[in-house]
Structure formats: C-alpha cells, structure tokens
Amino acid sequence: MYIPKHFQLTDQQEAISFMQRYSFATIVTSVNEVPVATHLPFLVQQRDDKLILSSHFAKANPQAQIVGKTVLVIFNEPHAYISPANYEKETNVPTWNYLAVHAYGKAVLLDNDDDTAQLLAQMISNYEAGYLHQWNNLPDDYKQKMIKGIVAFEITVDDLQAKKKLSQNRSEPEKESIINTLSKSDNNTDNEIAKYMEAMKPTK
C-alpha cells in the first residue's frame with residue numbers, strides 16, 4: 001500500500017484495534033494470475049507474539065484453495081470526502097480521508113471438524129454472544145451439515161501495513177474546519193472520520 005510518511009500508522013496496537021472494530025474485510029488472492037476477492041467477517045486475535053486472522057469460506061468458493069499461498073486481507077472503513085471548501089486557499093482540490101490496514105500472510109486450513117466447530121463458536125461469541133446458547137442446542141446433524149459446507153482457515157500475519165489519512169498535512173484551522181463539517185454531516189461514516197480526527201488533536 002502506498003503510504004506517504006505523514007499518513008503512516010505506526011502504532012501496531014492501534015492498527016489491530018481498528019481491524020477488530022471494522023472486522024468485515026476483503027481477502028484477496030491470485031487464481032491463475034487473476035486477482036480474486038471475497039468479503040468475510042474475521043476474528044482478529046493476538047496469540048503470544050503473533051497476529052492471527054481467522055474466518056471461513058463457503059466450500060463451493062474457488063478461492064478456498066489457499067493453502068500455502070500468500071494472501072492479502074484489507075480492512076478499510078470508514079472514509080469521507082473532503083471538500084476544498086474547508087481550505088484557506090482556493091488553489092486546492094478535493095480529497096478523501098480514510099483509514100486502511102493491509103495484512104499479508106500465509107493461510108492454513110483447519111482440516112478437522114472439531115477445529116472448525118471451535119472457530120465457529122469463537123466467531124459467534126465475538127459477533128453475537130447471545131446466540132451461542134441457541135447454536136449449542138441445535139441438532140448435531142444440522143451443525144455437522146453447516147460445518148461440512150465451509151472451509152475454515154487461519155492466517156498468520158507477517159506484514160502489517162496501516163494508513164491513517166486524516167488531513168495531517170493541513171493547517172490547524174483547516175483541520176478544525178474539516179472536523180466541524182464532517183461532524184455536522186448526516187452521513188455516519190463522515191461522523192466517524194471526524195471522531196478519528198478529533199482524537200488526533202494534541203491534549204492540552
């Protein structure tokens with residue numbers, strides 16, 4: 001990912017927290033030299049000193065054949081259009097503010113039903129803990145049918161690239177104008193970018 005120096009997000013824990021918050025991501029692989037992507041929910045976990053991404057494909061998805069391949073997972077919400085009306089000079093153009101994290105690593109398939117079932121329980125606990133009791137009490141043959149229809153996997157991240165493009169290269173009055181504009185927007189993602197920008201302001 002192209003990351004100018006002033007937009008680098010160098011705090012790995014901040015990047016991981018972002019991934020955990022916006023965990024519906026895009027996994028990209030190459031199939032016969034053609035880029036292929038699938039949109040999936042991910043578990044983002046730190047185990048000892050390793051960052052692990054876990055999810056599952058539908059078994060019918062050709063992209064599920066990822067054993068031993070380097071994959072890219074993109075986490076990229078939220079984003080906001082930035083109007084030049086926020087700038088002090090007319091000689092400016094529109095741009096876009098956003099946060100994005102690119103995680104690279106090799107995928108390993110979870111090749112037995114017990115490991116897949118454990119992953120599903122972890123994902124349910126993460127996304128809707130209240131559903132876990134219902135899942136645990138579903139008929140075993142139904143759960144096994146669901147498990148047989150997916151391919152679960154884990155990715156050990158070996159390269160994490162994070163970008164936080166939040167008008168760091170603009171003047172303080174311009175940044176304040178952008179925050180005010182986005183905060184008043186009816187668009188929730190605009191509001192989120194405003195909050196991220198507000199959090200970057202130096203504490204007094």
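Modeller: Eleven residues line the largest pocket of this predicted model. Those nearest the centre of the pocket are Glu172, Lys175, Met200, Lys201 and Pro202. The volume of this pocket is about 210 Å³. Two helices, α5 (172-183) and α6, each supply at least two residues of the lining. Helix α5 gives the most, with four residues.

Helix α6 spans residues 188-200, and a salt bridge is found there between Glu192 and Lys195. In general, side chains of opposite charge can pair when their charged atoms come close. For Glu192 and Lys195, the closest N and O atoms are 3.7 Å apart, which falls within the 4 Å limit that defines a salt bridge. The two residues are separated by about one helical turn, because they stand three residues apart in helix α6. Their surroundings can be described by accessibility. Glu192 has a relative accessibility of 17% and therefore counts as buried, since buried means under 20%. Lys195, with a relative accessible area of 54%, is exposed, as the limit for exposed is over 50%. This pair also belongs to a network of salt bridges that links Arg21, Glu192 and Lys195.

The structure holds ten salt bridges, and two further examples join separate elements. One of them is formed by Lys164 and Glu14, whose closest N and O atoms are 2.8 Å apart. This pair links distant parts of the chain: Lys164 belongs to strand β8 (residues 150-165) and Glu14 to helix α1 (residues 12-21), 150 residues apart. Lys164 counts as buried, at 11% relative accessibility, whereas Glu14 counts as partly exposed, at 30%.

The other example is the salt bridge between Asp113 and Lys148, in which the closest N and O atoms are 2.8 Å apart. Asp113 lies in helix α2 (residues 113-127) and Lys148 in helix α4 (residues 140-148), so this pair ties together parts that are 35 residues apart in sequence. Asp113 is partly exposed, with a relative accessible area of 27%. Lys148 also counts as partly exposed, at 47% relative accessibility.

To return to the pocket, helix α6 is among the elements that supply its lining, and helix α6 also contains the pair Glu192 and Lys195.

Methods. Residues numbered from 1 in each chain as written. Predicted model: local features only at pLDDT ≥ 70, side-chain atom pairs only at ≥ 80, totals over all residues. Heavy atoms only, no water. Salt bridge = Lys/Arg side-chain N within 4 Å of Asp/Glu carboxyl O. Buried < 20%, exposed > 50% of the residue type's maximum accessible area, 1.4 Å probe, protein only. 1 Å grid on protein atoms, 1.4 Å probe; cavity = no way out; pocket = protein on both sides within 12 Å on 5 of 7 lines; lining within 4 Å. Points joined across faces, edges and corners; volume = space filled by probe spheres on them.
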